[in-house]
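This briefing is meant to be read beside the sequence and the model. It moves from aromatic rings to single residues, then to a cavity, a sheet and backbone torsions.

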Amino acid sequence: MPNLLTLLLALVLAAAAAAQDFSDIAPLTDRSVGRVFVDAPGGYVTGAGVVISSGGSGSLLYLTNNHVIERGRDIGVVFKTSDTISIYRGAVLAASREADLAVLQLDPKKVTAAPPPPLALDMRTLRKGEPVVAIGFPGAADAVMGEEMNIAAFETTLTGGNVSRVLQGSWNNGPARIEIVQHTAPLSPGNSGGPLLDRCGRVIGLNTAIAKGVSGIYLAASARTIADFLDEAGLSVAAASGACEPEAGAGAPARPAGPPPAVPAGPGNGDIRFWAIVGGIPAALLTVLAVIAIAASGRSGGDRLPSAEGRVALTLTIRTGDTSFSRRIGRDSLRAGVVIGRGRGVPVDIDNPRVSREHLRLSLEGRRLMATDLGSTNGTTVDGKPLAPRQPRQIGEATVLTLGGAVEIRLRAGP
């Protein structure tokens, strides 16, 4: 049982966090934090990340967690400015499983505002109890927006807390020893890869994990861990040094600048042998389809997400015998339900005797893509497992549908 001093310290830190005013930080940092969407096996994943450098031709360096992007194919990152959004395509430049860090190069695809400014990396020695802010995109907040996410889905969520301690540890019992910041700024799924900031809006860590089985213990890879990772990758970024002391009477925090001090990392205390990733969770399907489709293509224009009306939401690649062909399905059609079968009266006609006249229906129910066998004669399998007749099952882009044991259907988001 915790002793009295421990309980008193927890109460003091909680009170201090509640009393902090972090309103000055958002104007300094919001534009630099983008929401990442990843087309991964089994479904789409979303998380957060921060711009740490800018390059030529509008490209950006974007820092996030490796566990957010490691299984992805197409990657899109969205930044919100006022009431418009900009979409960038992401390509992995460097990644580390041990540090759970990744750097993406972002190239503009649908840009409506000036490029997001990079945030400085601050490797100073943190003070226990100093205020910190976590910024990200917790997926649980999306639920209040209904079936389709809108521009509000790209508004950052800010939570405040304090530094609890700085220690040496490892993610998921890994062999590498890295510096980790333990703090009390609340995190939840979707915060992965979002920055941990000081009162001056400088990056002092990257939020990565929540301790299992206890409350109020949140973990971030420290700025020194980030700097070591970037150095090994041969990448240089803006750095800041000096204590973060807001100017007296000023409305905005000070932004100390200059080269980082040569402070050795030194030994830490404690260890981390328990953790849960603050990983991205499946986002609203239609919004993700739009972001990924734009990021993966060369299209540009507009100042918002493309209209959902008439947009190609799903492409089917159908193989029957030695023949392969594609069918594109719009969002509205998916909402109404698209029947696949053998006969001219169905939207997706497959000429194969093993396929029933009305064999399978694909439909979008809220945020879920569903497959329903319509009582076919020869049955349907989903990833090799039989699909019970007239019992809808949720599927994703990695799903392989087989109709009548003879026709294979693969799914791809977008056109």
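A residue is called buried under 20% relative accessible area, exposed over 50% and partly exposed in between, with a 1.4 Å probe and protein chains only. By that definition Asp100, at 4% relative accessibility, counts as buried. The model is predicted, so local features need pLDDT of at least 70 and side-chain atom pairs count only at pLDDT 80 or more, while totals for chains, interfaces and linings use all residues. Residues are numbered from 1 along each chain as its sequence is written, and side-chain values use heavy atoms, with hydrogens and water left out. Helices (H or I, at least four residues) and strands (E, at least two) are DSSP runs, numbered from the N terminus.

**Aromatic pairs**

- The structure holds three aromatic pairs, where rings of Phe, Tyr and Trp (its six-membered ring) pair if their centres lie within 6.5 Å, and planes under 30 degrees apart count as stacked, over 60 as edge-to-face and the rest as tilted.
- One of these pairs is formed by Phe37 and Phe154, which are edge-to-face at 6.0 Å centre to centre, with 75 degrees between the planes.
- Phe37 lies in strand β1 (residues 33-40) and Phe154 in the loop between β8 and β9, so this pair ties together parts that are 117 residues apart in sequence; both Phe37 and Phe154 are buried.
- The ring centres of Tyr62 and Phe79 are 6.2 Å apart and their planes stand at 90 degrees, so this pair too is edge-to-face.
- Because Tyr62 lies in strand β3 (residues 60-64) and Phe79 in strand β4 (residues 75-81), the pair ties together parts that are 17 residues apart in sequence; Tyr62 and Phe79 are both buried.
- Tyr62, Phe79 and Tyr88 are linked into a cluster by ring pairs.

**Thr156 and its surroundings**

- Thr156 is found in the loop between β8 (131-136) and β9 (157-169), and it counts as buried at 14% relative accessibility.
- Its side chain makes a polar contact with the side chain of Asp30 at 2.6 Å; a polar contact is a pair of N or O atoms within 3.5 Å, where within protein one must be able to donate a hydrogen and the other to accept it, and residues adjacent in sequence count only if both atoms are side-chain atoms.
- Not counting residues up to four places away in sequence, Thr156 touches Asp30, Val33, Ile135, Gly136 and Phe137, contact meaning heavy atoms within 4.5 Å.

- Ser86 belongs to strand β5 (residues 84-96) and, at 5% relative accessibility, counts as buried.
- The side chain of Ser86 reaches the backbone nitrogen of Thr112 at 2.9 Å.
- With neighbours within four places in sequence left aside, the contacts of Ser86 include Val77, Val78, Phe79, Lys110 and Thr112.
- A search of the whole structure finds one cavity of 30 Å³ or more, a cavity being a set of points, on a 1 Å grid over the protein atoms alone, where a 1.4 Å probe fits but cannot get out.
- The largest cavity has a volume of about 30 Å³, a volume being the space filled by probe spheres set on the points, with grid points joined across faces, edges and corners.
- The largest cavity is lined by Arg31, Phe79, Thr81, Ser86, Ala113, Ala114, Pro115 and Pro116, lining residues being those with an atom within 4 Å of a point.

**An open sheet**

- Five strands form an open sheet in the order β19-β18-β20-β21-β24, with mixed pairing; two strands pair if DSSP finds at least two bridges between them.
- At the edges stand β19 (348-349) and β24 (393-395), each with a single partner strand, so one side of each is left without a neighbour in the sheet.
- Strand β21 (residues 368-373) and β24 run antiparallel and are joined by three bridges, and Leu369 stands opposite Ile395 in β24.

**Loops and backbone torsions**

- Most residues other than glycine have a negative phi.
- Asp100, in the loop between β5 and β6 (101-110), has a positive phi near 55 degrees.
- Arg390, in the loop between β23 (385-386) and β24, has a positive phi near 60 degrees, and Arg390 is exposed, with a relative accessible area of 57%.
- Gly216 sits in the loop between β12 (203-210) and β13 (218-222) and counts as partly exposed at 30% relative accessibility.

Key: 1 Å grid on protein atoms, 1.4 Å probe; cavity = no way out; pocket = protein on both sides within 12 Å on 5 of 7 lines; lining within 4 Å.
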